[in-house]
Every structure is written in structure tokens, then in C-alpha cells.
Amino acid sequence: MQIHKIAAFTEHGRGGNPAGVVLADTLPSSTEMQGIAAEVGYSETAFAALSGESWTTRYFSPESEVPFCGHATIALGAVLAAEKGDGRYRLSLRTGEIEVEARMNNGTARATLRSLPTQSQPASETLIEDALQLLNYSRADLDKNLPVMRMNAGAEHLFLALTSRADLARMQYELDAGRSFMKQHRLVTITLAYRENDRVFHVRNAFASGGVLEDPATGAAAAALAGMLRDQDMLSSGDLIIHQGADMGRPSRIEVRFDDVKGSPVLVSGDAATLS
């Protein structure tokens, strides 16, 4: 079984978020996939097997199965383009149907995923207080123009906007405490963000639920963020640029496009490169 190692959402050929990708005739058992993901050690590994006209796809972190992973989908698109040719590929997830389009250009892949429908709602006061305590922030650190929200485009995320880039840079928390918090509140990640302007965000993404302190690029959360801003009437249709991973030394660039139809899927794009 070949395990491809791909960095997704690279910026100028650097950084990005590593993902494992396995193409198989039939998917291994859940136990086997979990074991492979733990051995690979990346935040996620995508497993895909062709079934009819669609690729049955599942995602595993080192500690658990994840319903949807954006950067691993971009990595999967890169592998499909390299192995099967440029094109658009349908993916059947456990939570619904999506697609990824990918093309190769001088050894670099460019991939775009079409997300699941988006949804969002304000976070409860209990959730906000628990999150601030976990992350060692206070109410004064929050951007009052961007409310704390639960958001989803295939996986559940908590969104907290901070008042300064310096506040974002000092994010820290205990992994075990974060894992318990995310399990209690049924979250896959926590997205901390600083808004540079309406169309440019800098983010950090805590992923203790998968046994990883932080992700350098999180496509699922990027899709959820764009959908939330659109669905809550905070941003009109167009593009959104998300910078992530700089504080980890793995700069990443995520591009999101969306229309004005509330709840509709969004398009998440990025470059990908094979890791040696």
C-alpha cells in the first residue's frame, strides 16, 4: 500500500499542511486506517477507493476519524491529478457528497474542493467562557465586531476573533484539556482569527480532538469561516484569503470563493506539493 505524503495549501512552494493520502482498490478496515494514520503521524490521512463514478473517502487523524478534512482533500486531489490525470473528481464522504478539481502544472498541483453546505449559529455563553479559560484569553481580547460562533461546512468548529495579531500569536493551551473541551462541546477544531481587512484573515487552528496541538492549514475550517461570514450577513460574495501556519514556521495560503446563497457550498483552493 503506497502512502503519498503531500503538503497542502503551500505558499510560494513552502509551508503548507502535510497530509497522508492512500488510494486503494477497496478501503481497509477502520482499525487498519486508524493504525496507518497514527503511523503516518500527520494531522490527517485521507483514504479513497473508487466506487462507480465516485471515490469513497474517509479521513483519520492519529487518534480518531474526522468527518471532513479540507487540506487532506486538497492533497487527495493532487494525488488523483498526478495518478489519474487532471480533472474533477466526485468524493463520497460519510457526511455527504463533495468534489475536488485538480490540475498539475510543472510538478505543482492546484486543487479546488467544493464543500458541503454551510451552517452557523452563535456560541452559548457557557461555551465562550470555557473556551476563553482553556486558551487563556479574556473578553477584552475578543473582536466585538465578530461574534463567537459555531460554524460548520462538514465538520464542527468554534470561531473566536481576536483584536490584534499579537494576541493571535500568543495562543497556547494544554493538549489534554483541549481534547476534553472539544469532546465535551462536540467540536473538531477551534479557529482563532485576526481580521486584517474584510477579505483577509490570519488564523490559528487548535486540533486537540485529533491529538494535534495545532494545524498549519485547515481547509474545512476555512470553508466554514467563509460560509459563516456570508450566512450571518457579515460578508458579501467574492473571495476570502486566509493566512495560517506562520506562527508554526509553515506559512500557508487558503483561498475561498463563494456566492450570496446562504448555506450553499463554497470553493476552497490551494497549491500542493509532494513531500520527500
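Visitor: Is R88 buried or exposed?
Guide: This is a predicted model. A residue counts as exposed when its relative accessible area is over 50%. R88 has a relative accessibility of 55%, so R88 is exposed.

Visitor: Which residue does the side chain of R88 meet in a salt bridge?
Guide: Side chains of opposite charge can pair when their charged atoms come close. For R88 the N to O distance is 3.3 Å, and the cut-off for a salt bridge is 4 Å. The partner is E101.

Visitor: How many residues apart in sequence are the parts that R88 and E101 tie together?
Guide: R88 lies in strand β6, residues 87–93, and E101 lies in strand β7, residues 96–105. E101 is partly exposed, at a relative accessible area of 27%.

Visitor: Which residues are joined with R88 into one network?
Guide: The network is made of salt bridges that share partners. E101 is one of its members, together with R88.

Visitor: Where does D141, the salt-bridge partner of R170, lie?
Guide: The closest N and O atoms of R170 and D141 are 3.1 Å apart. R170 is partly exposed, with 36% relative accessible area, whereas D141 is buried at 13%. R170 lies in the loop between α4 and α5, so the pair ties together parts 29 residues apart in sequence. D141 lies in the loop between α3 (125–135) and β10 (149–152).

Visitor: Are R150 and E156 buried or exposed?
Guide: The side chains of R150 and E156 meet in a salt bridge, with 2.9 Å from N to O. Buried means a relative accessible area under 20%. Both residues are buried.

Visitor: Which residue in β3 stands opposite G20?
Guide: Strand β2 covers residues 17–24, and seven of its eight residues are buried. It pairs with β1 in the antiparallel sense over five bridges, and K5 stands opposite G20 there. Strands β2 and β3 run parallel and are joined by five bridges. In β3, the residue opposite G20 is T45.

Visitor: Through which helix does the chain cross from β2 to β3, and what is the handedness of the crossover?
Guide: β3 spans residues 45–51. The crossover is of the β-α-β kind, and its helix spans residues 30–40. The helix is α1, and the crossover is right-handed.

Key:
Residues numbered from 1 in each chain as written. Predicted model: local features only at pLDDT ≥ 70, side-chain atom pairs only at ≥ 80, totals over all residues. Heavy atoms only, no water. Buried < 20%, exposed > 50% of the residue type's maximum accessible area, 1.4 Å probe, protein only. Helix = DSSP H or I, 4+ residues; strand = E, 2+ residues; numbered from the N terminus. Pairing = 2+ DSSP bridges. Right-handed = clockwise from strand over helix to strand, strands pointing away.
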